[in-house]
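Biologist: Can you walk me through this model? I'd like to start with what your terms mean.
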Amino acid sequence: MDLQVIRRLRSEGRMEEAYLELRKLRCPSELGIAVLANAAHVFAKMVHSAPPDRGLYQRSCRLAWLSSTTSDFILPVLRLLAWRDGILLECYAATLGNVDQEIRDDRSGLFAFQPGIVVLAGNWRDAHLPAVSEHAKQTVDETLRGIRENWGLIAQRLPCRIIQHNFDFPGVNAYGNLSHTLLAGRGSLIRSINLELPRLAPPSVTILNLDEVAAQVGYAAWEDSDLWYSARQHPGPLAIPCLAEAELALIRGSVGLTRKVLVVDLDNTLWGGIVGESGLGGLRLGPPDPLGEGYADIQRYLLELKERGVLLAVCSKNNDTDARLPFEKHNGMLLKQEDFGAFVANWERKSYNLRQIASKLNLGLDSFVFLDDQPYEREEIRRELPTVAVVEPKSDHPSDLLKALDGGRWFEALTLTEEDKRRNERYWANNERLDLQKRSGSLGEFLGTLELNVESGVFDASTLPRVAQLVGKTNQFNLTTRRYDLAQLMQFESTKAAWTQWFRLQDRFGDYGIVGVLIALPVLDDPDLWHIDTWLISCRALGRGLENAMFRCLLAAARKRGIKRLGGVFIPTEKNSQVADLYSRLGFIPSMRAGVETFVRDISSDDTE
Amino acid sequence: MTIIERLQPIFRDVFDDSNLDITGGMSPKDYPSWDSVGTVRLVLSVEQEFGIRLTTDEVAGIRNVADLVKSIENALHKV
């Protein structure tokens, strides 16, 4: 990312290229705050004078920043990093120091702005804790009560996600170590409060561990007294890139842009050495070899990613048999072949292989992360597949590979559901399904042998997190692509008039979990009509006729409530063309209304679809 | 390179102007984006480029580019 290049492109009126050049921003922590702040200033000017085309980004989001410190420096950087991640962020900041008033005044700018995300960007000073408390438990409880009150007041008026900072520690401390060892010391109080926050947080509140970000940055950079006294900037400017990345990881999670697949190389990435050249004996993996231990730690990390639902894939330039040999015979290996949803070892270009893997897993390349020790391979992927996130390590040492992978926070998630934990099992089971498909004849025969079973129910507390996940990220089988967040879905659940339904699919090989969502709403001036607001199916459950089961369920529910007509719209996007004719296939009559394709079907007679 | 020659690309990046040619007399009133936030960005870039640290008082005392050059010279001599 070169500011000179961007200036030249803009002066030549080539705004789209200038916007894309900004996307090449890499390693904000390496670039440093000076360069970032300048680039952020330029981006803000560009958006103000020539807003980007809708096709240039994936999500737009309104974010309110509530803080007692200045937001002049961090917000422009947040907007720039959000742009890098395909998000157009519009920001609102309350006037310095007026957070409580802003939340309690229902005519404040905060509520007028209608944000989808509210960041309660506090720090240790906002807790007003004494060095030692007379009544430690009372102090902790009061602080927590104040924070929960703010959540409640915001949630009452806004269906939004709240990102709540926990408390960092002051940079200087007259009590020193005692602050933490005395039960009533300020350090202990902060720890107690931070411990309770995640336990008290409702589903729509996410805690950002400010104390951890500060620990990563280090207090020398975190506390910059000069800029605190002169500009009320906290943390210090050198810490802004790191804090902004931590905020972005949660913002990406909130808008459904958490990445889903990690593609890894083998030689000198999962083990030291080149298996095709030196054979099993030449590989460095595991103790007592220090370098080998580094590779074992990478494998261990990948296993933990897999256990929480990240899909793993291998893409290696190797003969297939050589590539599989360590998995089969090397006893230092922690990963097994079954841990991977795809395993590709050949001599093709990796960009070609990644496209094949994406097609096989039925996921977009924009949900991929690529880990490879070779700069040549990384450059090839960056050039050919710009939507893939490429891990940029400082060196090819395994510890640098791991730090760069971890630091990218591409897989940061807000929740962990049962579906997440079993995702990799299902992809492996899917390989068995695909084999069966090859052996069966027609699609109908094949579906028959699968022994499909569908369950469904209305939204409730246990199913909402998974529903929110699907609503946030499903692109292909999605009629309207309405990205409701958890708080908004909770409102549908509590509105008796709305009809909500989740759908769960099982077959002979396993349980897909919840893979379908339907929301139908009554229409104000037409009591016989239900409008289908949301209809989606997860990509892994496509081609199994689930939409027909969903429609039968909707029909039954509508008829039971005396509804005579169903209406729906198809809102086209780049990715959902496969459902353009869904309503027509189900017997709906199309018409154009205010430029939108609307479909209606009479359901009052007794015929089934 | 003189200090002012090293400041040239910094000013161009901070104030987003490839045609900017700085002179000692240049001051905030010549540039709309040279506000308090602009000053902080300028100081961050200067501190990074020259490997120095400017105090709050020094920063507050910068009325024009010539003052900035002087502050940088002072800071470099301290090192």
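Modeller: A residue is buried if 20 or more other C-beta atoms lie within 10 Å of its own, exposed if 12 or fewer, and partly exposed in between, with C-beta atoms placed from the backbone. This is a predicted model, where local features need pLDDT of at least 70, side-chain atom pairs count only at pLDDT 80 or more, and totals for chains, interfaces and linings use all residues. Residues are numbered from 1 along each chain as its sequence is written, and chains are lettered from A and ligands numbered from 1 in the order in which they are written.

Biologist: Which residues of α8(A) are buried?
Modeller: A:Thr139, A:Val140, A:Thr143, A:Ile147, A:Asn150 and A:Ile154. Helices (H or I, at least four residues) and strands (E, at least two) are DSSP runs, numbered from the N terminus.

Biologist: Where do they sit around the axis of α8(A)?
Modeller: They are on the same side of α8(A), because they cover an arc of only 105° around the axis. The arc is taken from the directions from the helix axis to the C-beta atoms. On the other side, A:Lys137, A:Gln138, A:Arg145, A:Gly152 and A:Gln156 are exposed.

Biologist: What do the buried residues of α8(A) pack against?
Modeller: Four elements of chain A: α6 (99–104), β3 (117–120), β4 (161–165) and α10 (186–200). Contact means C-beta atoms, placed from the backbone, within 7 Å.

Biologist: And how many residues does α8 of chain A have?
Modeller: It has 22, residues 136–157. From first C-alpha to last it reaches 33 Å, close to the 32 Å expected at 1.5 Å a residue. That expectation is 1.5 Å times one less than the number of residues.

Biologist: Zooming out. How is chain A divided into domains?
Modeller: Into domain 1 (52–254), domain 2 (272–407) and domain 3 (452–602). The bounds come from an automatic or database domain assignment. The centres of domains 1 and 2 of chain A, taken over C-alpha atoms, are 36 Å apart.

Biologist: Which residues touch the most other members in the largest nonpolar core?
Modeller: A:Val77, A:Leu78, A:Val118, A:Val467 and A:Leu489, out of 128 residues. Domain 1 and domain 3 of chain A each give this core at least three residues. A nonpolar core is a set of buried Ala, Val, Leu, Ile, Met, Phe, Trp, Tyr and Cys residues joined through C-beta atoms within 7 Å. Another core, of 47 residues, lies apart from it and includes A:Val310, A:Phe340, A:Phe368 and A:Val369.

Biologist: Back to A:Leu489. What does it touch?
Modeller: A:Phe459, A:Leu464, A:Val467, A:Ala468, A:Val471 and A:Tyr484. That leaves out residues up to four places away in sequence.

Biologist: Now chain B. How many of its residues are in contact with chain A?
Modeller: Eleven, against 18 residues of chain A. On the chain B side, α1 (3–14) and α2 (36–50) give two or more residues. α2(B) gives the most, with six.

Biologist: What about the phi of A:Arg232?
Modeller: Positive, about 55°, although A:Arg232 is not a glycine. A:Arg232 lies in the loop between α13 and α14 of chain A. A:Arg232 counts as partly exposed because it has 15 C-beta neighbours inside 10 Å.

Technical notes: Contact = placed C-beta atoms within 7 Å.
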